[in-house]
Amino acid sequence: MGVTAKIAPSMLSSDFANLASEAQRMLDCGADWLHMDIMDGYNLNYRLLHKPFILNHCKLMAYLDCHLMVTNPLDYVEPLGKAGASGFTFHVEVSRDNWGELVQRIKSKGMRPGVSLKPGTPIEEVYPLVEGEHPVEMVLVMTVEPGFGGQKFMPETMDKVRALRKKYPSLDIEVDGGLGPSTIDMAASAGANCIVAGSSVFGAPDSAQVISLMRKSVEEVQKNY
Ligand code: DX5
Ligand code: ZN
């Protein structure tokens, strides 16, 4: 069974003063999901946490793909559930002791659980979460160190994507960091189907064209699976 392409512009690169219209613009440009980065200790944390509230308020019918770069993701399950988040992706590095409980809580709030890992974390760490009694439904392979947009894509992380795709043909595999027209083919051919892109989409003169190009790259590879 194949997986479908999901292109997720990262709202971290958007104009925060016009969040709702930026989100609508991305949807009009063909985005499937809106990627929301939520971080601890970030001076825009308040705003970032409230992005889903804002979007919800504006009645945007969008899949909100939330990426939690926080030390205690459990604290965010309730507020994000209420805010209308669709996907809740936590980091394995901070959830080694409680991922089972976390996944169940995320599901109980009607969100889709995902797990992410940093470039230095071995891929084997996420296998139990994909195969567990309460499995995650997506793995997000970080292709830069988490923290901010505009960093350089790390090609060496593609070994992890390849290993995952080989083991789990129908799993949603997301990549995040440094994705754009010059790196999408590497990610797509390794097997990634959910593509987060911030600066390459928001910084492009024609965002729709970049989204469409990335979608085609994923679809081209996926039709051969
Ligand atoms: C990085 C964030 C990303 C970031 C991606 O820590 O998780 O979602 O916004 O930005 P680009 O696509 O510019 O690397
Ligand atoms: Zn992210």
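Predicted model: local features only at pLDDT ≥ 70, side-chain atom pairs only at ≥ 80, totals over all residues.
Visitor: What makes S10 a polar contact of ligand 1?
Guide: An N or O atom in the side chain of S10 is 2.7 Å from an oxygen atom of ligand 1.

Visitor: Why is the pair of H35 and ligand 1 called a polar contact?
Guide: A polar side-chain atom of H35 lies 3.4 Å from an oxygen atom of ligand 1. That is within 3.5 Å, so the term applies.

Visitor: Which part of G147 takes part, backbone or side chain?
Guide: The backbone: a polar atom there is 2.7 Å from an oxygen atom of ligand 1.

Visitor: Where does ligand 1 sit?
Guide: In the largest pocket. More than half of its atoms lie within 2 Å of the pocket's grid points, because that is what sitting in a pocket requires.

Visitor: What makes up the shell around ligand 1?
Guide: Seven nonpolar, ten polar and two charged residues. Among the closest are D176 and S199. Strands β2 (33-39), β3 (63-69) and β8 (194-197) each supply at least two residues of the shell.

Visitor: Why is the pair R25 and E22 called a salt bridge?
Guide: The closest N and O atoms of R25 and E22 are 3.2 Å apart. The limit is 4 Å, so the pair qualifies. Both residues lie in helix α1 (residues 19-28), three residues apart, about one turn of the helix.

Visitor: How many salt bridges does the structure hold?
Guide: Eleven.

Methods
Residues numbered from 1 in each chain as written. Chains lettered and ligands numbered in written order. Heavy atoms only, no water. Near = heavy atom within 4 Å. Polar contact = N/O pair within 3.5 Å; in protein donor to acceptor, adjacent residues only side chain to side chain. 1 Å grid on protein atoms, 1.4 Å probe; cavity = no way out; pocket = protein on both sides within 12 Å on 5 of 7 lines; lining within 4 Å. Helix = DSSP H or I, 4+ residues; strand = E, 2+ residues; numbered from the N terminus. Nonpolar A, V, L, I, M, F, W, Y, C, P; charged D, E, K, R; others polar. Salt bridge = Lys/Arg side-chain N within 4 Å of Asp/Glu carboxyl O.
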